Amino acid sequence: MAITNFIPEIWSANLLQPLQKAEVFGSVVNHDYEGDISNVGDTVHITTLANVTVDDYKPHTDISIEALDDTQQSLLIDQSKYFGFEVDDVEKRQAANDVIAPATANAAYQLADAADKFLSTLMAAGADAGNKLPAVTSVDPAKLYDTIVDLGVKLDEANVPSEGRWVVVNPAQYGLLLKDTRFINASDAAHGTLLNGIVGEAAGFSVRKSNNIPTAEAVATIIAGSTIAATFAEQITSVEATRKEKGFADIVKGLHLYGAKVVRPKALATVDYSITA
(Lines give C-alpha, C1' and ligand atoms only; values in the text may rest on other atoms or scores of the structure.)
Protein backbone atom coordinates (compact mmCIF):
# COMPACT_ATOMS: atom_id res chain seq x y z
CA MET A 1 0.00 0.00 0.00
CA ALA A 2 3.01 2.33 0.05
CA ILE A 3 3.36 5.25 -2.38
CA THR A 4 5.05 4.05 -5.56
CA ASN A 5 6.81 5.85 -8.42
CA PHE A 6 7.40 8.97 -6.33
CA ILE A 7 9.47 11.47 -8.32
CA PRO A 8 9.98 14.71 -6.35
CA GLU A 9 10.25 16.97 -9.43
CA ILE A 10 6.96 15.70 -10.84
CA TRP A 11 5.17 16.01 -7.51
CA SER A 12 6.51 19.55 -7.08
CA ALA A 13 5.28 20.55 -10.53
CA ASN A 14 1.90 18.92 -9.96
CA LEU A 15 1.56 20.77 -6.66
CA LEU A 16 2.64 24.15 -8.05
CA GLN A 17 0.15 24.02 -10.93
CA PRO A 18 -3.07 23.89 -8.86
CA LEU A 19 -1.47 26.29 -6.37
CA GLN A 20 -1.01 28.93 -9.07
CA LYS A 21 -4.52 28.33 -10.44
CA ALA A 22 -5.97 29.02 -6.99
CA GLU A 23 -4.08 32.29 -6.51
CA VAL A 24 -5.93 35.56 -7.10
CA PHE A 25 -3.39 38.18 -6.06
CA GLY A 26 -0.68 35.81 -7.24
CA SER A 27 -2.13 36.06 -10.74
CA VAL A 28 -2.06 39.88 -10.91
CA VAL A 29 1.65 40.26 -10.21
CA ASN A 30 4.57 39.48 -12.47
CA HIS A 31 7.05 36.66 -11.99
CA ASP A 32 9.87 38.38 -13.88
CA TYR A 33 12.50 37.79 -11.21
CA GLU A 34 11.57 34.33 -10.00
CA GLY A 35 15.00 32.88 -10.66
CA ASP A 36 16.27 30.01 -8.59
CA ILE A 37 14.91 29.77 -5.06
CA SER A 38 16.36 27.18 -2.76
CA ASN A 39 16.21 28.60 0.76
CA VAL A 40 14.32 31.12 2.84
CA GLY A 41 16.48 34.24 3.02
CA ASP A 42 17.49 34.08 -0.64
CA THR A 43 17.64 37.50 -2.32
CA VAL A 44 16.71 38.35 -5.90
CA HIS A 45 18.25 41.59 -7.19
CA ILE A 46 16.03 43.76 -9.39
CA THR A 47 17.60 46.37 -11.66
CA THR A 48 15.39 49.21 -12.90
CA LEU A 49 16.50 51.65 -15.60
CA ALA A 50 15.86 55.39 -15.21
CA ASN A 51 13.93 57.24 -17.93
CA VAL A 52 15.87 58.05 -21.11
CA THR A 53 16.03 61.78 -21.90
CA VAL A 54 14.33 62.98 -25.10
CA ASP A 55 15.63 66.29 -26.53
CA ASP A 56 15.09 68.49 -29.57
CA TYR A 57 17.15 67.72 -32.65
CA LYS A 58 18.69 70.49 -34.75
CA PRO A 59 20.31 69.73 -38.11
CA HIS A 60 24.09 70.01 -38.31
CA THR A 61 24.51 70.01 -34.53
CA ASP A 62 25.98 67.39 -32.26
CA ILE A 63 23.61 65.34 -30.14
CA SER A 64 24.16 64.53 -26.46
CA ILE A 65 24.75 60.93 -25.46
CA GLU A 66 23.83 60.08 -21.89
CA ALA A 67 24.86 57.17 -19.75
CA LEU A 68 22.03 54.93 -18.61
CA ASP A 69 21.21 55.23 -14.94
CA ASP A 70 19.74 52.41 -12.95
CA THR A 71 18.58 51.60 -9.47
CA GLN A 72 18.57 48.26 -7.72
CA GLN A 73 15.98 46.79 -5.40
CA SER A 74 16.11 43.55 -3.48
CA LEU A 75 13.35 40.95 -3.40
CA LEU A 76 13.74 38.92 -0.24
CA ILE A 77 12.39 35.39 -0.09
CA ASP A 78 11.17 35.62 3.48
CA GLN A 79 8.03 33.50 3.53
CA SER A 80 8.02 29.75 4.12
CA LYS A 81 4.99 27.53 4.57
CA TYR A 82 4.75 23.76 4.78
CA PHE A 83 2.19 20.99 4.83
CA GLY A 84 2.40 17.43 6.04
CA PHE A 85 -0.18 14.68 6.28
CA GLU A 86 -0.33 10.94 6.62
CA VAL A 87 -2.69 8.36 5.17
CA ASP A 88 -3.08 5.11 7.02
CA ASP A 89 -3.01 1.91 4.96
CA VAL A 90 -6.38 0.89 6.36
CA GLU A 91 -7.90 4.22 5.34
CA LYS A 92 -6.56 3.80 1.82
CA ARG A 93 -8.11 0.35 1.57
CA GLN A 94 -11.47 1.64 2.74
CA ALA A 95 -11.48 4.66 0.43
CA ALA A 96 -13.20 4.16 -2.95
CA ASN A 97 -10.58 6.27 -4.71
CA ASP A 98 -7.06 7.55 -4.18
CA VAL A 99 -7.02 9.96 -1.22
CA ILE A 100 -3.47 11.25 -1.59
CA ALA A 101 -4.06 13.18 -4.83
CA PRO A 102 -7.06 15.20 -3.54
CA ALA A 103 -5.31 15.77 -0.22
CA THR A 104 -2.30 17.17 -2.09
CA ALA A 105 -4.58 19.37 -4.20
CA ASN A 106 -6.17 20.69 -1.02
CA ALA A 107 -2.73 21.42 0.39
CA ALA A 108 -2.00 23.45 -2.75
CA TYR A 109 -5.18 25.46 -2.23
CA GLN A 110 -4.30 26.19 1.41
CA LEU A 111 -0.80 27.28 0.43
CA ALA A 112 -2.26 29.57 -2.26
CA ASP A 113 -4.67 31.08 0.26
CA ALA A 114 -1.83 31.89 2.66
CA ALA A 115 0.28 33.42 -0.13
CA ASP A 116 -2.66 35.51 -1.37
CA LYS A 117 -3.27 36.97 2.10
CA PHE A 118 0.41 37.90 2.27
CA LEU A 119 0.31 39.53 -1.17
CA SER A 120 -2.89 41.50 -0.57
CA THR A 121 -1.52 43.02 2.64
CA LEU A 122 1.81 43.82 0.98
CA MET A 123 0.19 45.47 -2.05
CA ALA A 124 -2.32 47.52 -0.05
CA ALA A 125 0.49 48.88 2.11
CA GLY A 126 2.85 49.38 -0.83
CA ALA A 127 0.55 51.50 -3.00
CA ASP A 128 1.62 55.10 -3.51
CA ALA A 129 -0.01 57.37 -0.91
CA GLY A 130 -1.18 59.74 -3.65
CA ASN A 131 -3.13 56.89 -5.25
CA LYS A 132 -5.32 56.27 -2.21
CA LEU A 133 -8.87 57.57 -2.65
CA PRO A 134 -10.92 58.95 0.26
CA ALA A 135 -12.87 56.25 2.09
CA VAL A 136 -16.34 55.47 0.76
CA THR A 137 -19.43 54.14 2.52
CA SER A 138 -22.28 53.33 0.15
CA VAL A 139 -24.69 50.59 -0.85
CA ASP A 140 -25.30 52.21 -4.24
CA PRO A 141 -24.03 50.00 -7.12
CA ALA A 142 -23.36 53.07 -9.25
CA LYS A 143 -21.16 54.54 -6.53
CA LEU A 144 -19.01 51.43 -6.40
CA TYR A 145 -18.63 51.35 -10.18
CA ASP A 146 -17.78 55.08 -10.24
CA THR A 147 -15.19 54.50 -7.52
CA ILE A 148 -13.51 51.89 -9.71
CA VAL A 149 -13.50 54.47 -12.51
CA ASP A 150 -11.75 56.88 -10.11
CA LEU A 151 -9.12 54.24 -9.34
CA GLY A 152 -8.48 54.01 -13.07
CA VAL A 153 -8.05 57.79 -13.25
CA LYS A 154 -5.37 57.60 -10.56
CA LEU A 155 -3.49 55.03 -12.64
CA ASP A 156 -3.95 57.14 -15.79
CA GLU A 157 -2.46 60.15 -14.02
CA ALA A 158 0.53 58.02 -13.04
CA ASN A 159 1.02 56.98 -16.71
CA VAL A 160 0.34 53.32 -15.92
CA PRO A 161 -0.29 51.29 -19.11
CA SER A 162 -3.93 50.37 -19.75
CA GLU A 163 -3.02 46.79 -20.64
CA GLY A 164 -3.01 44.27 -17.83
CA ARG A 165 -5.05 46.33 -15.38
CA TRP A 166 -7.01 44.53 -12.67
CA VAL A 167 -9.10 45.30 -9.60
CA VAL A 168 -9.85 42.92 -6.72
CA VAL A 169 -13.11 43.15 -4.75
CA ASN A 170 -14.66 40.98 -2.08
CA PRO A 171 -17.84 38.89 -2.60
CA ALA A 172 -20.16 41.57 -1.18
CA GLN A 173 -18.68 44.22 -3.45
CA TYR A 174 -18.92 41.86 -6.40
CA GLY A 175 -22.61 41.31 -5.61
CA LEU A 176 -23.11 45.08 -5.67
CA LEU A 177 -21.32 45.38 -9.02
CA LEU A 178 -23.69 42.82 -10.52
CA LYS A 179 -26.53 45.31 -9.97
CA ASP A 180 -24.87 47.93 -12.18
CA THR A 181 -25.65 47.50 -15.88
CA ARG A 182 -22.21 48.84 -16.84
CA PHE A 183 -20.52 45.84 -15.25
CA ILE A 184 -19.71 43.02 -17.68
CA ASN A 185 -19.85 39.71 -15.87
CA ALA A 186 -17.63 36.79 -16.76
CA SER A 187 -20.22 34.95 -18.88
CA ASP A 188 -20.98 38.07 -20.94
CA ALA A 189 -17.25 38.61 -21.41
CA ALA A 190 -17.02 35.09 -22.89
CA HIS A 191 -14.91 33.68 -20.08
CA GLY A 192 -15.57 29.95 -20.22
CA THR A 193 -14.66 29.40 -16.59
CA LEU A 194 -13.64 31.49 -13.61
CA LEU A 195 -9.84 31.61 -13.68
CA ASN A 196 -7.85 33.01 -10.76
CA GLY A 197 -10.99 34.68 -9.41
CA ILE A 198 -11.89 36.55 -12.62
CA VAL A 199 -15.58 37.50 -12.47
CA GLY A 200 -15.92 40.19 -15.12
CA GLU A 201 -14.80 43.54 -16.46
CA ALA A 202 -15.40 47.13 -15.36
CA ALA A 203 -13.99 50.49 -16.45
CA GLY A 204 -11.03 48.93 -18.25
CA PHE A 205 -10.19 46.55 -15.41
CA SER A 206 -10.30 42.78 -15.20
CA VAL A 207 -12.41 42.31 -12.06
CA ARG A 208 -11.36 39.57 -9.64
CA LYS A 209 -13.08 38.36 -6.50
CA SER A 210 -11.30 37.33 -3.32
CA ASN A 211 -12.00 36.96 0.39
CA ASN A 212 -8.40 37.96 1.05
CA ILE A 213 -8.53 41.71 0.42
CA PRO A 214 -7.49 43.57 3.60
CA THR A 215 -10.53 44.02 5.84
CA ALA A 216 -11.03 45.78 9.17
CA GLU A 217 -14.52 45.30 10.56
CA ALA A 218 -16.89 46.33 7.73
CA VAL A 219 -14.25 48.24 5.75
CA ALA A 220 -12.59 46.34 2.89
CA THR A 221 -9.70 47.79 0.89
CA ILE A 222 -10.26 47.55 -2.85
CA ILE A 223 -6.93 47.22 -4.64
CA ALA A 224 -6.48 48.10 -8.31
CA GLY A 225 -3.36 48.11 -10.40
CA SER A 226 -1.28 46.73 -13.21
CA THR A 227 0.76 43.58 -13.51
CA ILE A 228 3.90 45.76 -13.56
CA ALA A 229 3.25 46.96 -9.99
CA ALA A 230 4.54 44.04 -7.94
CA THR A 231 6.72 41.03 -8.48
CA PHE A 232 6.31 37.65 -6.84
CA ALA A 233 8.70 34.73 -6.67
CA GLU A 234 7.64 31.34 -5.39
CA GLN A 235 8.85 27.78 -5.50
CA ILE A 236 7.87 24.40 -4.15
CA THR A 237 11.38 23.58 -3.00
CA SER A 238 10.76 20.22 -1.40
CA VAL A 239 8.10 17.54 -1.63
CA GLU A 240 8.73 14.24 0.08
CA ALA A 241 6.82 11.02 0.52
CA THR A 242 7.96 8.46 3.05
CA ARG A 243 6.70 5.51 5.03
CA LYS A 244 5.87 6.17 8.66
CA GLU A 245 8.64 4.65 10.75
CA LYS A 246 6.32 3.36 13.45
CA GLY A 247 3.02 2.37 11.92
CA PHE A 248 1.49 1.56 8.57
CA ALA A 249 0.96 4.83 6.74
CA ASP A 250 2.33 7.08 4.00
CA ILE A 251 3.55 10.56 4.93
CA VAL A 252 3.52 13.38 2.36
CA LYS A 253 5.05 16.78 3.13
CA GLY A 254 6.06 19.83 1.16
CA LEU A 255 7.72 23.24 1.55
CA HIS A 256 6.60 26.44 -0.22
CA LEU A 257 9.01 29.38 -0.32
CA TYR A 258 8.11 32.80 -1.66
CA GLY A 259 8.60 36.53 -1.45
CA ALA A 260 7.16 39.64 -3.08
CA LYS A 261 7.92 43.32 -3.54
CA VAL A 262 6.00 46.33 -4.84
CA VAL A 263 8.46 47.66 -7.42
CA ARG A 264 6.20 50.39 -8.88
CA PRO A 265 4.02 51.90 -6.11
CA LYS A 266 2.34 54.34 -8.52
CA ALA A 267 0.99 51.36 -10.49
CA LEU A 268 -1.32 50.56 -7.57
CA ALA A 269 -4.40 52.44 -6.34
CA THR A 270 -6.59 51.68 -3.32
CA VAL A 271 -9.77 52.75 -1.57
CA ASP A 272 -11.31 51.71 1.74
CA TYR A 273 -14.89 50.78 0.84
CA SER A 274 -17.72 49.91 3.21
CA ILE A 275 -21.12 48.61 2.15
CA THR A 276 -23.98 49.55 4.44
CA ALA A 277 -27.60 48.54 4.22
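Good morning. Strands β11 and β12 (residues 249-262) run antiparallel and are joined by 13 bridges. Strands here are DSSP E runs of at least two residues, helices are H or I runs of at least four, and both are numbered from the N terminus. Within this pairing, glutamate 240 has lysine 253 of β12 as its bridge partner.

A word on the basis of these values. The model is predicted, so local features need pLDDT of at least 70 and side-chain atom pairs count only at pLDDT 80 or more, while totals for chains, interfaces and linings use all residues. Residues are numbered from 1 along each chain as its sequence is written, and side-chain values use heavy atoms, with hydrogens and water left out.

I return to the sheet. It is an open sheet of three strands in the order β3-β12-β11, with antiparallel pairing; two strands pair if DSSP finds at least two bridges between them. Strands β3 (79-88) and β11 (230-243) form the edges, each pairing on one side only. On average, neighbouring strands of this sheet are turned by 15° against each other, direction ignored. Helix α3 (residues 100-126) packs on the sheet and touches β3, β11 and β12, and its direction makes about 20° with that of β12. Axes are lines fitted to C-alpha atoms, for helices over the stretch in contact, and angles run from 0 to 180 degrees between N-to-C directions. Contact means heavy atoms within 4.5 Å.

Next, a residue in strand β13 (residues 268-274): threonine 270. Is threonine 270 buried or exposed? Threonine 270 counts as buried because its relative accessibility is 3%. The cut-offs are under 20% relative accessible area for buried, over 50% for exposed, and partly exposed in between, with a 1.4 Å probe and protein chains only. Leaving aside neighbours within four places in sequence, the contacts of threonine 270 include Ala124, Asn131, Leu151 and Ile222.

Most residues other than glycine have a negative phi. Asparagine 159, in the loop between α4 (141-157) and β5 (165-169), has a positive phi near 60°. Glutamate 217, in the loop between β9 (215-216) and β10 (219-226), also has a positive phi, near 60°. Asparagine 159 counts as exposed at 69% relative accessibility, and glutamate 217 counts as exposed at 83%.

Finally, the whole chain. It has five helices and 13 strands, and buried residues make up 40% of its 277 residues. Among contacts with a separation of 6 or more, 80% come from residues 24 or more positions apart. Thank you.
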